[in-house]
Amino acid sequence: MDSNGLKPAGPSEDIPAPDARQLERAAAAIRKGSAIAVTGAGVSAESGIPTFRDPGGFWRKYPPEEYAAYSAFLRDPKKVWKMWQERAAMLEQARPNDAHTGLAALEEMRYLQAVITQNVDNLHQEAGSRRVIEYHGNARQMVCLECGRSEPLTRSRIQEIPPKCRSCGGLMKPGVVMFEEFIPEDALAESERLAMGCNSMLVAGTSAQVYPAASLPQIAKYNGATIIEINVEPTDFTHDLVDVFLQGSAGSVIRRLTEHLKAGSSG
Ligand code: APR
């Protein structure tokens, strides 16, 4: 357990690494190009950020109906901002891991078109990914509910909670999409367009339980894409939707997949 009493889900040592045959099946699909990645909290677990629904996950300590729903935020903004003081500290300390740098490398190699991420930690961008669609917004900013002004969300700025707008004194809200809120229209439309047109989709580190994000692999599959899942354990999608299940921690699996593709491309 870390100092916050939360347990980052991290890699499990006893998982057998994917064998070369499975890696090659995934690589063959990715080599066609027009691959898309959809990522969840599991890709940031090895950066020390707890996932949400794993044992010891963030929602165990902070039930989402009390801390991540828009109505709960309006009811008690100070309570939700107190949680964000802890979350902002974790996010500020986190650095990209091999999962983030591997996906950035796949974009550099022109296999990957974009990363659609449910995460709000900015680690894909910090790792060098250029095309990142932030499906659930981001925690770098906060926005005024009165005048719409946004400013950086930093630990120092939220020492006093709830933070008030420096222009109009209105209530500031973290720049993330809370439950009961809509996905930003541009992110929704762009993600669906990419899911419909991709040859393969890497679904990494997500329990695939939250919609509409969880519909993206279904859209891709329906449109003929190869679905490659990277997770420490099977999900509800693994049996019916997934073509190649690469079991293991996202950092090590994506690193090995990227190395496999680099070796192949120089061959
Ligand atoms: N490597 C790969 N996968 C991992 C790792 C790891 N090191 N550690 C955990 N996982 C997997 C878990 O097995 C699980 O399937 O990551 C997934 C994490 O699931 P959740 O905690 O539900 O996170 P996520 O799927 O991103 O949640 C989606 O729900 O609460 C909302 O807004 C929140 O964006 C979040 C959304």
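Ala, Val, Leu, Ile, Met, Phe, Trp, Tyr, Cys and Pro are counted here as nonpolar, Asp, Glu, Lys and Arg as charged, and the others, Gly among them, as polar. The model is predicted, so local features need pLDDT of at least 70 and side-chain atom pairs count only at pLDDT 80 or more, while totals for chains, interfaces and linings use all residues. Residues are numbered from 1 along each chain as its sequence is written, and side-chain values use heavy atoms, with hydrogens and water left out.

We can start with the ligand. It is surrounded by 26 residues, the closest being Phe 52, Arg 53, Thr 206, Ser 207 and Asn 231; a residue is taken as near when one of its heavy atoms lies within 4 Å. By class, this shell holds 10 nonpolar, 12 polar and four charged residues. Domain 1 (1-10 + 18-49 + 96-136 + 183-267) and domain 2 (51-93 + 140-176) each supply at least three residues to the shell, the domain bounds coming from an automatic or database domain assignment.

A backbone N or O atom of Ala 41 lies 2.8 Å from a ligand oxygen atom, and a polar side-chain atom of Ser 207 lies 2.6 Å from an oxygen atom of the ligand. At Ala 250, a backbone N or O atom is 2.8 Å from a nitrogen atom of the ligand. Taken alone the ligand exposes 730 Å², of which the protein buries 96% (Shrake-Rupley method, 1.4 Å probe).

Empty space comes next. Rolling a probe the size of a water molecule over the atoms shows where such space is left. The search runs on a 1 Å grid over the protein atoms alone: a cavity is a set of points where a 1.4 Å probe fits but cannot get out, a pocket is an open set with protein on both sides within 12 Å along at least five of seven lines, and lining residues have an atom within 4 Å of a point. Volumes are the space filled by probe spheres set on the points, which are joined across faces, edges and corners.

The second largest pocket has about 210 Å³ of space. Its lining includes Ala 88, Leu 91, Glu 92, Arg 95, Asp 121 and Arg 140. Helix H5 (77-93) and strand E4 (137-144) are the elements giving two or more residues to this lining, and H5 provides the largest share, three residues. Helices (H or I, at least four residues) and strands (E, at least two) are DSSP runs, numbered from the N terminus. The lining of this pocket divides into five nonpolar, two polar and five charged residues.

One cavity of 30 Å³ or more is found in the whole structure. The largest cavity holds about 40 Å³ of space, and its lining has eight nonpolar, two polar and no charged residues. Among the lining residues are Val 38, Gln 118, Thr 206 and Phe 237.

Finally, some backbone details deserve a look. Most residues other than glycine have a negative phi, and most peptide bonds are trans. Ile 161 and Pro 162 are joined by a cis peptide bond with omega of about -10°, and Pro 162 is in the loop between strand E5 (150-152) and strand E6 (172-176). The peptide bond from Tyr 211 to Pro 212 is cis, with omega near 5°.

Methods: Polar contact = N/O pair within 3.5 Å; in protein donor to acceptor, adjacent residues only side chain to side chain.
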